[in-house]
Amino acid sequence: MSRTIVLQSYRAVSSGWQAECTRSVREWARQREYDYLTASYSELFGSVPTKLGAKLRAVSLATAVDAARLYWMREILAKSSVGRVVWVDDDVLMLGEGPAVPEGVEVIFAGEQWISRDYRGRLARTGAVSNCLMAVENT
């Protein structure tokens with residue numbers, strides 16, 4: 001098995017439910033013998049070219065964070081000893097054994113299901129691809 005690194009970032013010191021989420025991801029990584037790295041938002045943006053970061057922040061913080069995590073993932077993958085990186089948002093709670101992230105797949109994104117009310121007030125389920133958990137292999 002090649003070396004896997006789990007990455008997370010955070011806005012400020014986590015507390016309450018968010019601290020439990022990050023703790024659960026650290027434990028999930030440890031159980032799978034993955035390395036675990038975390039960075040503050042300021043550290044995360046250190047991988048992004050300054051002008052690009054400013055333009056993206058003007059669009060939205062979420063867009064800027066999405067780009068910053070991709071730059072950070074690329075930076076980590078450039079290290080020859082790293083086989084893949086797994087990004088997990090800091091508000092994801094790993095329950096039980098957590099998800100399996102199979103090797104041999106170049107890119108993986110999570111799926112999510114949203115439950116909300118439709119225009120008639122009935123419960124409706126919507127599925128989508130999510131980047132709250134994504135993995136990229138070093139090919």
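## A briefing on the predicted model

T4 is buried, at 3% relative accessibility (buried means under 20% relative accessible area, exposed over 50%, and partly exposed in between, with a 1.4 Å probe and protein chains only). This is a predicted model, in which local features need pLDDT of at least 70, side-chain atom pairs count only at pLDDT 80 or more, and totals for chains, interfaces and linings use all residues. Residues are numbered from 1 along each chain as its sequence is written, and side-chain values use heavy atoms, with hydrogens and water left out. Below, we go from the whole chain to its parts.

**The chain as a whole**

- The protein chain has four helices and five strands (helices are DSSP runs of H or I with at least four residues, strands are runs of E with at least two, and both are numbered from the N terminus).
- Along the sequence, these elements come in the order β-α-β-α-α-α-β-β-β.
- A box of roughly 55 × 40 × 30 Å, taken along the principal axes, holds the C-alpha atoms of the protein chain.
- Of the 139 residues in the protein chain, 37% are buried.
- Take the contacts between residues at least 6 apart in sequence: 67% of them join residues at least 24 apart (contact means heavy atoms within 4.5 Å).

**T4 and its surroundings**

- T4 sits in strand β1, which covers residues 3-10.
- Once neighbours within four places in sequence are left aside, T4 is in contact with Y34, D35, R84 and V86.
- With R84, the side chain of T4 also makes a polar contact of 2.9 Å.
- A polar contact here is a pair of N or O atoms within 3.5 Å; within protein, one must be able to donate a hydrogen and the other to accept it, and residues adjacent in sequence count only if both atoms are side-chain atoms.

**Where α3 meets α4**

- Helix α3 (residues 50-59) packs with helix α4 (residues 61-77) at an angle of about 145 degrees, and their axes are 5 Å apart.
- Those axes are lines fitted to C-alpha atoms, for helices over the stretch in contact, and the angles run from 0 to 180 degrees between N-to-C directions.
- On the α3 side the contact involves L52, L56, R57 and V59, while α4 brings L61, T63, A64, A67 and Y71.
- By residue type, this contact has seven nonpolar residues, one polar and one charged (Ala, Val, Leu, Ile, Met, Phe, Trp, Tyr, Cys and Pro count as nonpolar, Asp, Glu, Lys and Arg as charged, and the others, Gly among them, as polar).

**Salt bridges**

- How many salt bridges does the count come to? The count comes to six, where a salt bridge is a side-chain nitrogen of Lys or Arg within 4 Å of a carboxyl oxygen of Asp or Glu.
- One of them pairs E27 with R30, with the closest N and O atoms 2.4 Å apart.
- Both E27 and R30 lie in helix α1 (residues 17-31), three residues apart, or about one turn of the helix.
- E27 is partly exposed at 26% relative accessible area, and R30 is exposed at 52%.
- Another salt bridge joins R69 and D66, whose closest N and O atoms are 3.4 Å apart.
- R69 and D66 are both in helix α4, three residues apart, about one turn of the helix.
- R69 is buried at 6% relative accessibility, whereas D66 is partly exposed at 28%.
- R69 forms a salt bridge with D89 too, the closest N and O atoms being 3.4 Å apart.
- This pair links distant parts of the chain, 20 residues apart: D89 is in the loop between β3 (82-88) and β4 (107-117), and R69 is in helix α4.
- D89 is buried, at 16% relative accessibility.
- Through shared partners, salt bridges join D66, R69 and D89 into one network.

**Cysteines**

- The disulfide count is zero, a disulfide being a pair of cysteine sulfur atoms within 2.5 Å.
- C21 is buried, with a relative accessible area of 5%, and C132 is buried at 18%.

**A loop residue**

- S80 belongs to the loop between α4 and β3.
- Is S80 buried or exposed? S80 is exposed, at 77% relative accessibility.
- S80 lies 72 residues from Q8 in sequence, and their C-alpha atoms are 21 Å apart in space.
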